[in-house]
Amino acid sequence: MIDLHTHSTMSDGSLTPQELIAYGSELGIKVMALTDHDTTDGLVAASDAAKNAGIIFIPGTELTISWPCGEFHLLGLGLNIGNISNRLNDLTAALKKDRLQRNLQIIEKMQKDGFDVNYEEVASLAGTECVGRPHFAQYFVSKGIVKNRQQAFDRYIARGRPYYVEKSGCSLDEAIVAIKESGGLPVLAHPLSLYVAWGKMQGTLAELKERGIAGIEAWHPGAREADCRRLEALGKEMGFVVTAGSDFHGKAVRKDRFMGYTAGRIEIADRFYFENLAPALAKADL
């Protein structure tokens, strides 16, 4: 079993990097990437834990990209932990600052509506510096306002809801360069989140390939199995490295996502690493 897309408490996951690796080891995971949102902070701890567990570790990140529609996330897979570029460090620092400003705007909106809430209270629920909407959702749950996180998103913090604030992203071209400078491979995460119609998908992917994106995450639990197969076929036809992941955030977070499994609850095949990603990373190191 492998997994090329997971999250820890360094972003919005519920397990520490060490706990994440330990859980993967329990499940029999042999290859794992840690791809926390807009940070590389957990990579050293995860790498050390993976060595002890006998897991092949893929250092990564998932950068938020500024894009006119939908949601654009760019995975950087195979980063050189000992040589993260200044550019990538600067990007993640800027994204962290933007996230704080967004969170404060959400707090302000809630306070105007009469909620007795402050940022420190929400941050305490997160247990990490990377506070995001899942932690606001947890706030609503902890106060008994909603029954679960999904209900909180649906009522309060999803796009179009009263406390939604648009997130900032970084430049795609700069992010691609930053990942490559750090020894990584730029991979488009969950392409269907771009909200691009199938009739325009190939053209969009061709443009992204021209700009330097080397891979696409064709398999993701947020997509239908049939669409994933279609994306994989299209990716191979266009010369992309094709990857797959669970986008696992923890046992109690996003309960529809399971480490080592992707769309359709299908076990992630080892070909996505050994036949697809590993050769591309080896070539990038030459």
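Biologist: Is the crossing of α1 and α2 left-handed or right-handed?

Modeller: Helices (DSSP runs of H or I, at least four residues) and strands (runs of E, at least two) are numbered from the N terminus. A crossing is left-handed if the near helix is turned anticlockwise from the far one by less than a right angle, and right-handed if clockwise. The crossing of α1 and α2 is right-handed.

Biologist: From which pLDDT do side-chain atom pairs count?

Modeller: Residues are numbered from 1 along each chain as its sequence is written, and side-chain values use heavy atoms, with hydrogens and water left out. This is a predicted model: totals for chains, interfaces and linings use all residues, local features need pLDDT of at least 70, and side-chain atom pairs count only at pLDDT 80 or more.

Biologist: Are α1 and α2 roughly parallel or roughly antiparallel?

Modeller: Axes are lines fitted to C-alpha atoms over the stretch in contact, and angles run from 0 to 180 degrees between N-to-C directions. Helix α1 (residues 17-27) packs against helix α2 (residues 43-53) at an angle of about 30°, with the axes 8 Å apart. Angles under 35 degrees count as roughly parallel, over 145 as roughly antiparallel, 65 to 115 as roughly perpendicular and the rest as oblique. The two helices, α1 and α2, are therefore roughly parallel.

Biologist: How many residues in the contact of α1 with α2 are charged?

Modeller: Contact means heavy atoms within 4.5 Å. P17, Q18, I21 and S25 of α1 meet A45, A46, A49, A50 and A53 of α2. Ala, Val, Leu, Ile, Met, Phe, Trp, Tyr, Cys and Pro count as nonpolar, Asp, Glu, Lys and Arg as charged, and the others, Gly among them, as polar. The residues of this contact divide into seven nonpolar, two polar and, as for charged ones, none.

Biologist: How far apart in space are the C-alpha atoms of V241 and N276?

Modeller: V241 lies in strand β7 (residues 241-244) and is buried at 13% relative accessibility. Beyond its neighbours within four places in sequence, its contacts include L185, I216, N276 and A280. V241 and N276 are 35 residues apart in sequence, yet their C-alpha separation is 5.8 Å.

Biologist: What distance separates the C-alpha atoms of L172 and R211?

Modeller: L172 belongs to helix α7 (residues 172-181) and is buried, with a relative accessible area of 4%. Not counting residues up to four places away in sequence, L172 touches I65, W67, F72, L74, L208, R211 and I213. L172 and R211 are 39 residues apart along the chain, and their C-alpha atoms are separated by 8.6 Å.

Biologist: Which phi does D38 have?

Modeller: D38 is found in the loop between β2 and α2, where T35 also lies. T35 is buried at 0% relative accessibility, and D38 is buried at 6%. Although D38 is not a glycine, its phi is positive, at about 55°.

Biologist: Where is D247 placed?

Modeller: D247 is buried, with a relative accessible area of 4%. Although not a glycine, D247 has a positive phi of about 55°. Its place is in the loop between β7 and β8 (261-262).

Definitions and conventions
Buried < 20%, exposed > 50% of the residue type's maximum accessible area, 1.4 Å probe, protein only.
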